[in-house]
Amino acid sequence: MLVLEDVHTHYGKIEALHGVSVQVNKGEIVSLIGANGAGKTTLLMTVCGNPRASSGRVILQGKDITNDLTSNIMRSGIAIVPEGRRVFSGLTVEENLHMGGFFNTKAEIRKSQEHVYELFPRLKEREHQRAGTMSGGEQQMLAIGRALMSRPNMIILDEPSLGLAPLVIKQIFEIIGQLREEGITVFLVEQNAHQALNLADRGYVLETGRIRLHDTGKNLLENPDVQNAYLGG
Amino acid sequence: MAAQNFKHALFSAVVTLIISYPILGFNLVSEGISVQLEGADTFTLVGVFAAAVVVFLFQLFRDTIMGGLGKLPALNPMANRPPMPQRKRLKVESVLLTLMLIGALFWPFIASRGAVDLATLVLIYIMLALGLNVVVGLAGLLDLGYVAFYAVGAYSFALLSQYFGISFWFALPIGALLAALFGLVLGFPVLRLRGDYLAIVTLGFGEIIRILLNNMTNLTGGPNGIGGIPDPTLFGMEFGRRVKEEGNTSFHETFGIAYAGEHKVIFLYLIALVLAVITALVIRRLMRMPVGRAWEALREDEIAAKSLGLSRTAVKLSAFTIGAFFAGFAGTVFASKQGFISPESFVFLESAIILAIVVLGGMGSQMGVILAAIAVTILPELAREFSEYRMLIFGAAMVLMMVWRPQGLLPMRRIHIELKPQG
Ligand SMILES: Nc1ncnc2c1ncn2[C@@H]1O[C@H](COP(=O)(O)OP(=O)(O)O)[C@@H](O)[C@H]1O
Ligand SMILES: [Mg+2]
């Protein structure tokens, strides 16, 4: 579904990714864990073409998208829930969702909206509330809902559990599991390694711009190095 | 804290001296063929020092003074009320707009000819400000050269009528479309720039257009401008005493009434009114359409908007082009109203005034923009005795406004302007 081959990404002259190769297969949940500043967000944004990879290849559904425009990539069946949620705080919940389905027909939007409200009944209650006035958890639900509005085959999530209460985190991870049941491929980036690896079919560990480890989620959870570094010993 | 204030105040006073002393303190006097440098009279020098003292004192007690100003809104009962819910607000706005429209319809039949003429000018500014509001208030693009598109509209009509004898009604869409085309072509390379850079480049573009108009003497008549621009006709009826164009009839003869100069003024006013209403309605509609929401989304969070597949360039370009379109609209009406245009009507000051209307009105809100357009156009007319100090008063009003009510008179529900380079 998504393949990164030896991807290098630069911010100006500084190289943030030093040759990263990652593969996400159809129907899987793949988790990428790593410390702050490891380059996780950079990796995801490289998939979106913002910034672009300076060398290597990014392949989405068999098509090389390394040099495509962000706007074109994001219209080809992939959606991202960006780091820090980034909902449109001045727009209402419903308007936010409609932005997510910007390139869909009205009928499609209505259907996806209903579906999102089924996944997150809380959003339906807040339909006409401005997104900026909602709690962090609700905003995260909205960010996920907005990403789902374009009916993607694959969804990328950048630290969806960041700054949320344990109960809300549990709920978010349940929803992510549910998305897999619906046939959506999930690429999940987390610092919350325990839950992310628990849920994942496979996992990668990113350290300072390089992939250190790559295994099934279960094996990574049992790996002593991972336990020391990311699971608190 | 106090020491820091003192240092800053001293610095500001010295800067005031350094800037104003050489400019005001010396005069160049020509004696025969040579030029002599002379000190200015004592009065000016005292003035310069007094200014430095005022700056010093203001900076020293800045916190107190600004604090006092900050409390001002308490005097204004509207200011501290929580904002109305969106629906209610829209309703109130619609009712007010309708009332204003009814008033505007009766205006020409009760007001003097001069007042109707002035009202036409107000309507032109309303069109301009509503258009710029799309660019600055909704899309968050600081355009300081908006007057260029106004000029394109006006000159399109002037030139088309001069060279091809094209009438107002045909020139109106052509002028607007040409202005939009200019917006599209200029916007394409320029909209990659962010914030301040965009402001500077658009400022430059506005000046370039004006200078071009000034220098292409063969085509545009240069500083002499173009005269004899025809008035609009009503179904082939002209409003002049005598019919100028073959095949046209005359308004007063057709209706068997006595000729009156007012007819033309009133007709132009009504045209401007209809066009201003159309402008407001079209933009209102656009704001609720996906393209309007895309402007807003991109302004609020560019990264998020892009992650949804929106193209920054396409969205911003659409706002820029639509804004230019309405400037062209207004320009055509302006050319017809004046009957004569020259580059002098399209100086940077015009851009500044239109921008001031948008800012004053509260970026994004149509009602606010309309009120501000009325205020900014009419107040200087009322205070003609102070016309020398117009710019001074204007500047002071803007500064006070920024301190007292930075969100404008009637801000839109959501406000934000892109001034800093981001992402
Ligand atoms: N916009 C940027 N400009 C320059 N450097 C950046 C930018 N974004 C991230 N970086 C750098 O790239 C590295 C990886 O950052 P990031 O991808 O955000 O890590 P993570 O998401 O794993 O916390 C860090 O060293 C960070 O300082
Ligand atoms: Mg990150």
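Which residues form a positive surface patch? Lys106(A), Arg110(A), Arg285(B) and Arg288(B) form it. This is a predicted model, in which local features need pLDDT of at least 70, side-chain atom pairs count only at pLDDT 80 or more, and totals for chains, interfaces and linings use all residues. Residues are numbered from 1 along each chain as its sequence is written, chains are lettered from A and ligands numbered from 1 in the order in which they are written, and side-chain values use heavy atoms, with hydrogens and water left out.

**Charged patches**

Patch residues have over 30% relative accessible area and no salt bridge, and like charges are joined within 9 Å. A salt bridge here is a side-chain nitrogen of Lys or Arg within 4 Å of a carboxyl oxygen of Asp or Glu. Accessible areas come from the Shrake-Rupley method with a 1.4 Å probe.

In the positive patch, H4 of chain A and helix H11 (261–288) of chain B each supply at least two residues. Arg288(B) is placed in H11 of chain B. Helices are DSSP runs of H or I with at least four residues, and strands are runs of E with at least two.

A patch of negative charge on the surface gathers Glu114(A), Glu118(A), Glu181(A) and Glu182(A). Of these, Glu114(A) sits in helix H4 (residues 106–119) of chain A.

**Exposure**

Buried means under 20% relative accessible area, exposed over 50%, and partly exposed in between.

| Residue | Relative accessibility | Class |
|---|---|---|
| Glu114(A) | 51% | exposed |
| Val7(A) | 0% | buried |

Val7(A) belongs to strand E1 (residues 2–11) of chain A.

**Strands of chain A**

Strands of a sheet pair through backbone hydrogen bonds, either parallel or antiparallel. Two strands count as paired if DSSP finds at least two bridges between them. In chain A, an open sheet of four strands has the order E2-E1-E4-E5, with antiparallel pairing. Strand E2 (14–24) and strand E5 (63–64) are its edge strands, each pairing on one side only. E5(A) is joined by two bridges to strand E4 (residues 55–60), and these run antiparallel. Leu60(A) has Lys63(A) in E5(A) as its bridge partner.

Strand E6 (residues 78–81) of chain A is covered on both faces: Ile78(A) and Ile80(A) on one side, and Ala79(A) and Val81(A) on the other, are all buried. Four bridges link E6(A) in parallel to strand E7 (residues 154–158) of chain A.

Notes
Patch = residues over 30% accessible without salt bridge, like charges linked within 9 Å, V, L, I, M, F, W, Y side chains within 5 Å. Lys, Arg positive; Asp, Glu negative; His and termini not counted. Charge placed at Lys NZ, Arg CZ, Asp CG, Glu CD. Buried < 20%, exposed > 50% of the residue type's maximum accessible area, 1.4 Å probe, protein only.
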